Amino acid sequence: MPEKTCPLSSQQVVDLYFMEHRAKLLDIAAFLDRLERADGEAGLADVRVRALNRAIPLLTDQASDGQADRVQKILELLSDHTTEPTPAAHTQSALGADPGTDY
Amino acid sequence: MAYIDPHIHMVSRTTDDYQAMAEAGCVAITEPAFWAGFDRSSPAGFYDYFRQLTEVEPKRAARYGIAHHCWLCINPKEAEDPVFAREVMGLIPEFLDKPNVLGIGEIGLNKNSRNELTILEEQIELAKQHDRLILVHTPHLEDKLKGTRITMDALANAGIDPGRVLIDHVEEHTVAEVLDRGYWAGMTLYPDSKCTPQRAVDIIECYGNERLWINSAGDWGPSDPLSVPKCHVEMRRRGHTQQLIEKISLENPLTFLSQSGRFELGN
């Protein structure tokens with residue numbers, strides 16, 4: 001079990017943050033619904049959406065129960081894990097998911 | 001309470017923001033050189049930018065009792081062309097002795113390319129030659145983990161004392177490695193990317209309060225120049241002590257930045 005580093009009780013965490021995160025959960029659901037209602041298939045196959053679909057199960061992954069490491073695992077899933085510098089920068093921006101990963 | 005925002009781009013902010021920050025308790029800021037949202041067409045554009053950072057912003061900040069400091073460099077987004085980058089780097093020594101210049105920053109990587117790394121290594125060397133502190137920008141999103149590791153390796157290869165380097169924009173997947181290797185770590189409070197105030201406080205709870213600070217990195221994009229005091233509110237509502245808040249937002253930045261011999265608090 002992780003160290004109890006949050007000064008709040010678990011009930012206080014629920015009372016303080018539940019509504020905020022209920023809203024965020026509904027935003028994700030609405031985003032996925034909006035994708036299905038939108039014309040064309042390209043967005044559904046976009047690497048960012050594929051990565052998101054891989055990340056969502058990590059929220060309830062039993063391997064994280066008691067580890068408090070869900071954010072770290074999701075960030076690692078979304079990261080480029082190669083180690084050598086890329087030959088050249090062809091863009092200045094980042095996507096939010098690694099285009100080189102087979103999500 | 002008095003606090004320091006150790007990373008904010010005031011050239012992109014209004015004077016009203018200075019007023020709001022002063023009213024919220026901000027007594028000092030540091031402003032790293034960064035990408036303006038577009039690529040500058042000539043080194044002369046950087047010359048004027050460095051004048052703005054060393055001459056104009058300190059006066060604007062002083063009107064609100066805020067001490068203004070800065071860091072100089074060519075940012076990684078404009079470092080893909082090494083010839084151009086070296087011309088800009090050639091301008092920096094002229095400004096290094098200005099009283100508000102703390103060091104070289106925010107240097108680092110953007111897309112983790114070979115040219116970006118070459119220019120990063122040369123700017124590390126510049127800081128080393130002039131015995132200056134270093135402020136590191138780590139890449140965005142999917143590039144952060146790899147870029148953070150390559151940057152720390154480059155600093156180690158150059159023999160830089162990690163205690164004189166702040167590695168910024170850490171998140172849950174990079175903070176432990178940065179701290180374990182002896183560097184200072186900065187958490188940037190952004191609404192969409194990097195850390196929210198809630199996650200920043202989570203990281204403090206999980207990784208402790210040594211060599212760690214928070215900043216707004218307020219700029220021309222979605223950002224909030226008052227995110228640092230808003231994070232203090234988040235700490236208070238969880239029951240954290242005033243002593244801890246002051247450690248993160250005053251004592252820690254003061255300790256790191258004072259190594260420059262030039263850092264001071266405002267009125």
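Q: A crossing is left-handed if the near helix is turned anticlockwise from the far one by less than a right angle, and right-handed if clockwise. Which hand does the crossing have where α3(B) passes α5(B)?
A: The model is predicted. The pair consists of helix α3 (residues 82-89) and helix α5 (residues 114-129), both in chain B. Where α3(B) passes α5(B), the crossing is right-handed.

Q: Is α3(B) roughly parallel or roughly antiparallel to α5(B)?
A: Angles under 35 degrees count as roughly parallel, and those over 145 as roughly antiparallel. The axes of α3(B) and α5(B) are 10 Å apart, and the packing angle is about 20°. Relative to α5(B), that makes α3(B) roughly parallel.

Q: How many residues of the contact of α3(B) with α5(B) are charged?
A: From α3(B) come B:Pro82, B:Ala85 and B:Met89; they meet B:Asn115, B:Thr118, B:Ile119, B:Glu122, B:Gln123 and B:Leu126 in α5(B). Five residues of this contact are nonpolar and three are polar. The number of charged residues is one.

Q: How is α5(B) oriented to helix α6 of chain B?
A: Angles under 35 degrees count as roughly parallel, over 145 as roughly antiparallel, 65 to 115 as roughly perpendicular and the rest as oblique. With axes 10 Å apart, α5(B) and helix α6 (residues 144-157) of chain B pack at about 40°. That makes the orientation of α5(B) to α6(B) oblique.

Q: How many nonpolar residues does the contact of α5(B) with α6(B) hold?
A: α5(B) passes α6(B) in a right-handed crossing. B:Leu117, B:Leu120, B:Glu121 and B:Ile124 in α5(B) meet B:Ile150, B:Thr151, B:Ala154 and B:Leu155 in α6(B). One residue of the contact is polar and one is charged, and the nonpolar residues number six.

Q: Are α9(B) and α10(B) roughly parallel or roughly antiparallel to each other?
A: An angle over 145 degrees counts as roughly antiparallel. Helix α9 (residues 227-237) and helix α10 (residues 242-257) of chain B have axes 10 Å apart and pack at about 155°. The two helices are therefore roughly antiparallel.

Q: Which residues of α10(B) make the contact with α9(B)?
A: The crossing of these two helices is right-handed. On the α9(B) side, the contact is made by B:Val228, B:His232 and B:Met235. On the α10(B) side, it is made by B:Leu244, B:Ile245 and B:Ser249.

Q: Which strands stand at the edges of the open sheet of chain B?
A: The sheet has eight strands with parallel pairing, in the order β1-β2-β3-β4-β5-β6-β7-β8. Each edge strand has a single partner strand, so one side of it is left without a neighbour in the sheet. The edge strands of chain B are β1 (3-5) and β8 (212-215).

Q: Which residue of β6(B) is the bridge partner of B:Val136?
A: Strand β5 (residues 133-137) and strand β6 (residues 165-167) of chain B pair in the parallel sense over three bridges. In β6(B), the partner of B:Val136 is B:Ile167.

Q: Which residue does a cis peptide bond join to B:Gly105?
A: Omega of this bond is about -5°.

Q: What value is phi of B:Asp131 near?
A: B:Asp131 is found in the loop between α5 and β5 of chain B. Its phi is positive, in a residue other than glycine. The value is near 55°.

Q: Which helix of chain A gives the most to the side that touches chain B?
A: Between the chains, 26 residues of chain A are in contact with 29 residues of chain B. On the side of chain A, four residues come from the helix that gives the most, α4 (residues 70-77).

Q: How far apart do the C-alpha centres of domain 1 and domain 2 of chain A lie?
A: The domain assignment gives chain A domain 1 (8-38) and domain 2 (41-77). The distance between their C-alpha centres is 15 Å.

Terms used:
Residues are numbered from 1 along each chain as its sequence is written. Chains are lettered from A and ligands numbered from 1 in the order in which they are written. This is a predicted model: local features need pLDDT of at least 70, side-chain atom pairs count only at pLDDT 80 or more; totals for chains, interfaces and linings use all residues. Two residues are in contact if their C-beta atoms, placed from the backbone, lie within 7 Å. Domain bounds come from an automatic or database domain assignment. Axes are lines fitted to C-alpha atoms, for helices over the stretch in contact, and angles run from 0 to 180 degrees between N-to-C directions. Ala, Val, Leu, Ile, Met, Phe, Trp, Tyr, Cys and Pro count as nonpolar, Asp, Glu, Lys and Arg as charged, and the others, Gly among them, as polar. Two strands pair if DSSP finds at least two bridges between them.
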